[in-house]
Amino acid sequence: MIRRVPAVLVACALALAACSTSPTTSGAAASADRTFVVATAGEPDTLNPVLNYGVDGASLIFDGLVARDAGNALVPGLAAALPTVSPDGKTVTATLRDGIAFHDGSPLTSADVVFTYQAILDPKVDSVIRSDLEMLASVTAPDPKTVVFTLKYAYAPFLQRLALGIVPAAALQGTDVNQADFNRKPIGTGPYKVESWTPGDKLVLAANDTYFGGKPANAKVVVAFVADDNVRAQRMRAGEFDAAELAPKLAAGFDSVGGYQVHRVDSADYRGVMLPMGNPVTGDLAVRKALNAAVDRTAMIGGVLGGAGEPAYGPVPPTSEFAEPAAAGRPAADAVAATAALDAGGWAAGGDGIRAKGGQRAAFTLMYPATDSLRKELALAVTADAKKVGIEIKPEGLTWDAIDTRISQDALLMGFGTPYDPDFTSYKLFSSQFAGQGYFNPGHYKSPVVDKALQDGRDLADPAARKAAYSSFQKQLATDLPWLFLAYLKHTYVVKDAVNGVQPRVEAHEHDVANSIWWNINTWKRK
Amino acid sequence: MSRRFAGAGRVVRRRLLVAVPILVLTSIGMFALGAASPIDPAKQYAGSAAFTANPEVLAQIRANWGVDDPLPVQYLRWIGNLLRGDLGWSTSRHEPVASVIAARAGWTLLVVSLALAIVLLASLLLGALAAYRRNGIFDRTLRAAAYAVEAMPVFWIGLASIAVFALALGWLPAGGLTDVTASGTGFGDVAHHLVLPVLVLAISQAPWFVLFVRDGVADSLRDDHVLAARARGLPGRTILFGHALRTALLPFLTLIGTHLPELVGGAILVETVFSLPGLGGVTVQAALGSDFPLLAAITLLTTAAVLTANLATDLAYAAADPRIRLDA
Amino acid sequence: MLDALPRRRVLRLRPGQTGTLVAASVLAVAILACLLAPALWPLDQSAVALDQTRLPPSWAHPAGTDDLGRDVSLRALYGLRVSLLVGAVAALVATVIGGIVGGIAGTLGGPVDRLLMRVVDTVAALPHLLLGIFIVAMLRPSLGAVIASIGVTHWLSTARIVRSELLSLRNRPFIDAAISGGAGRRRILTRHLLPHVLPRLALATTLMIPHAVWHETALSFLGLGLPPHLASLGNMINDGQGSLLTGAWWASIAPGAVIVVVTLAIAALAVRWREYLDPRVRAELQL
């Protein structure tokens, strides 16, 4: 009895091993040549576009009415041509392409498009992108090929919102969309079908040979989810992946390794410090000016971002056609200008090296999300720079819900940005009507000039007029400095030399399975 | 044999009489903590999209979930659902808690049981050998090593092993469960990936067991029946493994039971270091995402499993040792 | 669990006098350094030097610098400060809870004692790191949450020690003598029971400290402990994980080594102490 115990345990363990390893999928011998493996940290929560998967297109599994080319310009997707906008800007009509089928063979009709958009507007559906479509009054399908969007008000960049993937109504009608099986095993029209998704491990996609944009150049794509940066880098070096997103410093390690190419891809993904107006220190323009001059953006990009970044001075990225060069500042620290701003604002040097004005020390708290090591490092870099000019910052790493309750009072290291239209995010972040609404304008920044410019940018259809509006918006922000913009990140990817067809494009803050460097992986081949 | 289990039914009942109320109390404590926690489940659900979602949208999500009901109602609903097998919806992983656990529990069990098997075999062997030559070189080295390992955090051992065996030597993978290109979970592939995590977990847990066996065997080597065997001139191997080790094995069984909580803790850390798709990794994710349903379900289930295993080792102990009466 | 068990004596190492001396001086130096650090080598927790990142060990930086150019050796010292503080406070919390439970069981005896000990056995079987993670996740990671999560999961061995000590004292002749001599309850408690229980309680608390330190570093390593920019041993090992791949192995060596050395020193001293208290005592105490 006694002697048998360890043997029994070993037997149990082996039996377990056998059970756990049994579900080996058949057909494992898919030619490795025709499979591409990419790795990312960002695993989507769901694969349903209605619930926020790949809402800006390039989702590999779905298509929107419109798509974006390598320059992020809109091109027709499921729509035969770019949808037309009525002269008053309130009616948008799209005509579908002929002969498009979902992965299950059922044909795509305008009813599917209507279902997709109505599901997002349905209050019973826990869709967090509903607020992106608040201009939408109704969607109708006068015939199987035509979709008509009726807007509550004219919204210039509406077509940009139509990149959202279309789901088949038949698969979801009558089910609880929030918890449908579809969210894990979706059916789309895109270049790849979902073969399997093992959460925490990988997503296996198989080519959709009848894809309307042409049969994919490869048979299979595996997206490996490896949350840990270091493990991902190690496995990339072991040759497991064809492409992987890596933290900049880790990616730099591949610069000198043969067989790999490091891509530092421009993005609209910025990091900056939100400075609340209600705080007695950050609410003072002199302090904000001093901070803006005191931070050494060059050193941060070199030391924290490993060179993969561009200095940021506003929320419109330099790669955008709407960027206003006059709003840019100096990348290096300018202690003289910072000191001058503090002197002019009445902040006098105190005994402890920290400036003060009328009994108020130039000290404030800078919050950062505790799990984000990049924001932690940026927060510490800002803290160190501010100290040099006599401003004391107390960094505090918190969870988001703890940050929530304090954002109107304490500064916060935030990140946002999409390259598609300056109205996205900026309208809600800087317009006074959103002051204090959650993470929209948490600092209660109010400027009539900015309000008007943002409204014009959304109302006016004429591109030149929009450009002028956003130029005035950026200049006003550079004057008021409600944020201390630090850097635009470059998303860093390591790709094997043998891969042919990589075509990076400017990326948004959100990038995981969708909208990463592999947005066009259906055209990738091996050399 | 059957007489040995005579009191078993009563003992099980008596154990349950304590264990069940404690499980219930734990669940109430956990629920109260979750309810008192300032964390907004709707924001956790929305993830990064919460930053661009309207407050009304979030309020609607909360209403859809019924999180605004009174607390006792919520508790009873939660516990009722748990008992019916509906473990709830994981807010951080956006899938049913049951399927999260089902997909991952097997790997955790595999890692834990393999490590335990290795620990048991190695500690019996090493401990007995050390005891045979008390205070010999082997004994002293082994004990010094055991104390040193006992003082090392398991995640640090894990990192060191990655640095040496994965990065410097390149012999073994640094993490993950399978080669990504593999379309399934092949035996050789998984085994290759599990060598480091299982060994690290085993090494970190071994000191307790090794020292225990060593002391136990050393004591029993001085027992009468062992001395008698020696006097009869039986070979050393027979004395050591046939007599002394057998006596020392009994309390060893209970040590396994009492040591399970440590093993669970070690598994969480090891899975995190090696990014294995087991329960440990997902527990940490759930904790970082304040995912109450998932975290609570994993904690309660693991607790119940450990309590059951404890009871099992006690019963096995009693069955193995005629001197113990279960109802004592 | 079962009463007839031989006691565990996992930690009965018998270091010679030199060993004890070494352990004592290591611990003395460590505690002294922790106490004097703010005066001798002040550390700005938020200071970074982006032009001195990842320098290998040198005379200026004995353990090198980390990803943000901070001196690893100095941060490890401050990490030890935080860890020892958290460990000591958490151990005290655990001692208070365990002392109360064990005290009740030991003085009342009988059915109350049996019930309480069953409860202690069962609670001891709960996976405490998992419960700790749960508590910290719900209370939000912070110093207080970490201390609470360690305190409420680690009081069991103290409860057992206090209880068994009290039970063995109850039957000793000098207690009987005191009772028949007309001493009141309070007098028996303060004059006779406490002096015997306190040294063992203190020993249990001391032995708990390394365990609490281990727990704190584990939580911080998982990102569920102290704020990440704060120098704590767990945070540093967590940060060092990133530097490992870029070749900066030194960033995680120093904090790990500090944990090992201090834990060993405390354990070695505690064992001597126990042998001094009672050469025959066998451990409920465990590391």
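Predicted model: local features only at pLDDT ≥ 70, side-chain atom pairs only at ≥ 80, totals over all residues.
Good morning. In chain A, the C-alpha centres of domain 1 and domain 2 lie 34 Å apart.

Domain 1 of chain A is made of two stretches, residues 2-242 and 498-526, while domain 2 of chain A covers residues 266-489. Where these two domains touch, domain 1 of chain A contributes 12 residues and domain 2 of chain A contributes 18 residues. What classes of residue are found on the side of domain 1 of chain A that touches domain 2 of chain A? That side has six nonpolar, four polar and two charged residues.

I turn next to the sheets of chain A. One of them is an open sheet of four strands, in the order β4-β5-β7-β6, and its pairing is antiparallel. Why do β4 and β6 of chain A each have one side without a neighbour in the sheet? Strands β4 (84-85) and β6 (136-143) of chain A stand at the edges and have a single partner strand each, so one side of each remains without a neighbour. Strand β4(A) is joined by two bridges to β5 of chain A, residues 91-95, and the two run antiparallel. Within that pair, Thr84(A) is found opposite Thr93(A) of β5(A). Helix α2 of chain A, residues 110-121, packs on this sheet and touches both β6 and β7 (146-151) of chain A. The direction of helix α2 makes about 165° with that of β6(A).

Chain A also contains an open sheet of three strands, ordered β14-β15-β16, again with antiparallel pairing. Its edge strands are β14 (348-349) and β16 (360-361) of chain A, each of which pairs on one side only. Two bridges connect β14(A) with the antiparallel strand β15 of chain A, residues 355-357. Here Ala349(A) has Arg355(A), in β15(A), as its bridge partner.

Let us move to the contact between chains. Chain C supplies 17 residues and chain A supplies 24 residues to their contact. On the side of chain C that touches chain A, nine residues are nonpolar, seven are polar and one is charged.

Finally, chain B. Which residues of chain B does UniProt list under "transmembrane region"? The unreviewed entry gives residues 107-132, 153-174, 194-213 and 294-320. In the model, residues 107-132 of chain B are 100% helix and 0% strand, with the end C-alpha atoms 37 Å apart. Residues 194-213 of chain B are likewise 100% helix and 0% strand, and their end C-alpha atoms lie 27 Å apart. Thank you.

Definitions and conventions:
Residues numbered from 1 in each chain as written. Chains lettered and ligands numbered in written order. UniProt positions renumbered as here; feature names shortened; annotations may be inferred. Domains from an automatic or database assignment. Contact = placed C-beta atoms within 7 Å. Nonpolar A, V, L, I, M, F, W, Y, C, P; charged D, E, K, R; others polar. Pairing = 2+ DSSP bridges. Axes fitted to C-alpha atoms, helices over the stretch in contact; angles between N-to-C directions.
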